Amino acid sequence: MRNLKNILLLFVVSISAPSSFYVHAQNVDVERMHQQYITLIDTENLDFIDELYTKDASIKNTDGSMVSGLDAIKAQYGATFNAGKYNITLKTIDETVLKKGFMFVSGSFVFSKIEEPKAVQSGQFVNTLKKVKGNWKIFKSYRYAIPQKNAAIVDAMYKAFSEGDIPAVLSRFDSKIVWNEAESNKMADGNPYIGPDAVLNGVFARVGEDHEYFKLADITLHEMSNNKVLATLRYDAKYKESGKTYNAQAAHLWTINDGKVIAFQQYVDTKKLAEAEKK
């Protein structure tokens with residue numbers, strides 16, 4: 001059996017009457033559906049999809065793509081299983097309370113509005129249900145990435161950088177990221193770097209070429225207004241050509257939009273960097 005980690009299952013009930021935004025919890029056997037989903041993921045038996053989804057069900061993925069019909073849904077689950085991407089935990093639902101347009105699942109501490117099939121706060125599955133021969137099944141499924149605080153996104157990038165996982169860092173960048181190095185820093189010659197490839201080739205690759213080692217230390221993150229994160233830190237590094245080390249004070253100002261970095265501004269003691277580079 002596959003070990004299951006770190007995912008939440010949230011069922012949201014939509015009903016047609018515009019004046020009715022919630023139904024009594026007893027009308028939907030959420031625990032049964034929850035257990036069916038656990039069994040589907042745990043056994044990778046695609047037959048359970050017939051029990052969970054209507055024949056005309058559709059899924060909207062986090063990347064905006066749509067999957068319609070049982071056969072297509074089974075194919076997507078099958079591909080996901082084959083790729084080994086399900087590494088999740090489904091928490092037990094102890095109690096479901098529906099009131100005033102909101103559903104609260106006590107086992108996973110997730111809120112979502114009932115009248116629209118979308119997540120108001122965190123949650124990866126938001127489903128519209130339909131009754132089929134006396135049983136509730138998923139008619140439409142919307143998948144959402146669990147939102148992260150901006151500081152958590154920046155923290156993840158620094159951790160990936162320290163592990164040498166540059167692709168993971170670049171994956172957090174918007175396709176049109178605007179990156180600026182500090183004035184008087186020699187790498188400011190390419191300012192502004194537009195897009196992940198420009199940052200990779202104009203900044204990261206050059207840092208690697210110039211240094212025997214380059215480490216980030218004493219990182220402190222500050223959540224700010226307007227989706228900005230200020231990082232104060234130090235560069236602990238050694239130039240290859242001069243053989244000199246330096247420990248320089250620095251600050252990074254990150255701007256995040258929808259989980260992606262759209263802008264970066266570096267501030268650093270450029271005098272200390274320049275002096276260390278001299279032979």
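Ser-184 counts as exposed, with a relative accessibility of 66%, where exposed means over 50% relative accessible area, buried under 20%, and partly exposed in between, computed with a 1.4 Å probe and protein chains only. This is a predicted model, in which local features need pLDDT of at least 70 and side-chain atom pairs count only at pLDDT 80 or more, while totals for chains, interfaces and linings use all residues. Residues are numbered from 1 along each chain as its sequence is written, and side-chain values use heavy atoms, with hydrogens and water left out.

Ser-184 is found in the loop between β9 and β10, the elements being DSSP runs numbered from the N terminus, with helices (H or I) of at least four residues and strands (E) of at least two. Pro-192 belongs to the loop between β9 and β10 (193-194) as well, and a cis peptide bond, with omega of about -10°, joins Asn-191 to Pro-192. Ser-184 is also one of the contacts of Thr-270, which include Ala-182, Glu-183 and Asn-185 when neighbours within four places in sequence are left aside; contact here means heavy atoms within 4.5 Å. Thr-270 is found in helix α7 and is buried, at a relative accessible area of 17%.

| Residue | Phi | Location |
|---|---|---|
| Ser-184 | about 80° | loop between β9 and β10 |
| Asp-218 | about 55° | strand β11 |
| Gly-164 | about 80° | just after α4 |

Helix α4 (residues 150-162), which Gly-164 follows, has 13 residues and reaches 19 Å from its first C-alpha to its last, close to the 18 Å expected at 1.5 Å a residue, the expected span being 1.5 Å times one less than the number of residues. Its buried residues are Asn-150, Ala-151, Ile-153, Val-154, Met-157, Tyr-158 and Ala-160. An α-helix has 3.6 residues a turn, so residues three or four places apart point the same way. The buried residues of α4 pack against α5 (166-170) and against the strands β9 (173-180), β11 (211-223), β12 (228-239), β13 (245-257) and β14 (260-268).

In the largest nonpolar core, which has 34 residues, Phe-173, Trp-179, Phe-204 and Trp-254 touch the most other members; a nonpolar core is a set of buried Ala, Val, Leu, Ile, Met, Phe, Trp, Tyr and Cys residues joined through side-chain atoms within 4.5 Å. At least two residues of this core come from each of α4, α5, β9, α6 (196-210), β12, β13, β14 and α7 (270-277), and β12 gives the most, with 6 residues. Phe-204 touches Phe-161, Ile-166, Val-169, Leu-170, Phe-173, Trp-179 and Val-199, not counting residues up to four places away in sequence. A second, separate core has 17 residues, among them Leu-40, Ile-59, Ile-73 and Ile-138.

For the protein as a whole, there are 7 helices and 14 strands, and buried residues make up 41% of the 279 residues. Among contacts between residues at least 6 apart in sequence, 52% join residues at least 24 apart. The protein exposes about 15200 Å², of which carbon and sulfur atoms supply 49%, with accessible areas taken from the Shrake-Rupley method with a 1.4 Å probe.
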